[in-house]
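Reader: I would like a close look at one part of this model, with the whole as background. Please keep the answer connected and to the point.

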Amino acid sequence: MRLLVVYSSRTGNTRQVAQQALAAWKGKVDIHPVEQAPSPDGYDVVAVGYWVDKGKPDPRAAGYMAGLAGQRVAIFGTLGASPASGHAEDVRRAALDVVQGNDVLGSFLCQGRIDPELIKVMAASGHHPMTPERRANIEEAAKHPDANDLAEARRFFEQLYDIACEEKVHARHDA
Ligand SMILES: Cc1cc2nc3c(=O)[nH]c(=O)nc-3n(C[C@H](O)[C@H](O)[C@H](O)COP(=O)(O)O)c2cc1C
């Protein structure tokens with residue numbers, strides 16, 4: 001049972017989440033940044049990590065996800081907004097759309113610190129006025145991913161392992 005984790009990360013948040021797979025899969029995992037991602041062929045499960053770019057998985061992760069077909073897949077991501085927000089719900093749906101045509105075993109999303117450069121650009125553009133709500137979200141995002149997020153990510157990868165093992169047993173019985 002082998003897992004391939006391919007992640008895209010500009011500032012490290014999604015990389016931190018991806019690395020939780022190491023402990024959960026007890027070393028039976030290959031983890032690669034998307035720029036050096038191998039072919040998914042031959043892996044039992046492929047997990048792809050993305051950072052949210054304008055409401056969608058970032059283009060590099062989305063490109064890798066779109067190339068998967070008929071595979072057992074999981075997706076995980078980080079975003080600046082609260083994972084409990086309507087925006088996060090839209091993101092989840094958009095990400096699941098990209099991996100249509102695969103057997104999707106799970107999806108995980110947590111908040112991630114927003115690049116201070118982006119905050120400056122947003123403030124200067126005038127399109128995103130700094131409301132008290134926006135400021136509060138930026139301050140909250142700056143604390144993530146925190147220890148709790150990473151523990152949840154680890155549980156996500158552990159559950160993935162259990163599901164993948166179960167499915168393998170079923171497949172053997174069905175044969
Ligand atoms: C160009 C750009 C666009 C972004 N768009 C969104 C967005 O639409 N929604 C959101 O919640 N966060 C957005 N973010 C925040 C990132 O998704 C978030 O900080 C993420 O954790 C970054 O992950 P990374 O450290 O792995 O690169 C954006 C960040 C950048 C740089």
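How much accessible surface does the protein have, and what share of that surface belongs to carbon and sulfur atoms? Then take me into the largest nonpolar core: which residues touch the most other members?

Author: Start with the surface. This is a predicted model. Its accessible surface comes to about 9200 Å². Carbon and sulfur atoms hold 51% of that area. Charge comes next. The side chains include 20 positive and 23 negative ones. The centres of these two sets lie 4 Å apart.

Now the fold. The protein has 7 helices and 6 strands. Along the sequence they run β-α-α-β-β-β-α-β-α-β-α-α-α. The radius of gyration is 17 Å, close to the 16 Å that the globule rule gives for 175 residues, so the protein is as compact as a globular protein of that length. The C-alpha trace spans about 60 × 30 × 30 Å along its principal axes. Of the 175 residues, 43% are buried.

The largest nonpolar core holds 23 residues. Leu3, Val5, Trp25, Phe76, Phe157 and Leu160 touch the most other members. Several elements give two or more residues each. The strands on that list are S1 (3-7), S3 (45-53), S5 (72-79) and S6 (103-111). The helices are H1 (13-18), H2 (20-24) and H7 (147-174). H7 supplies the largest share, with 7 residues.

Zoom in on Val5. Leave aside residues up to four places away in sequence. Val5 then touches Ala18, Ala21, Val29, Asp30, Ile31, His32, Ala47 and Phe76. Of these neighbours, Phe76 is also one of the residues that touch the most other core members. A second core of 21 residues includes Val46, Val73, Leu79 and Val91.

For contrast, step out to a loop. Gln36 sits between strand S2 (29-33) and S3. Its relative accessibility is 57%, and the cut-off for exposed is over 50%, so Gln36 counts as exposed. Gln36 and Val98 are 62 residues apart along the chain. Their C-alpha atoms are separated by 20 Å.

Note on methods:
Residues are numbered from 1 along each chain as its sequence is written. This is a predicted model: local features need pLDDT of at least 70, side-chain atom pairs count only at pLDDT 80 or more; totals for chains, interfaces and linings use all residues. Side-chain values use heavy atoms; hydrogens and water are left out. Helices (H or I, at least four residues) and strands (E, at least two) are DSSP runs, numbered from the N terminus. The radius of gyration is taken over C-alpha atoms; the globule rule is 2.2 Å times the number of residues to the power 0.38. Buried means under 20% relative accessible area, exposed over 50%, partly exposed in between (1.4 Å probe, protein chains only). Accessible areas come from the Shrake-Rupley method with a 1.4 Å probe; for residues, only the protein chains shown count as cover. Lys and Arg count as positive and Asp and Glu as negative; His and the chain ends are not counted. The place of a charge is taken as NZ of Lys, CZ of Arg, CG of Asp or CD of Glu. A nonpolar core is a set of buried Ala, Val, Leu, Ile, Met, Phe, Trp, Tyr and Cys residues joined through side-chain atoms within 4.5 Å. Contact means heavy atoms within 4.5 Å.
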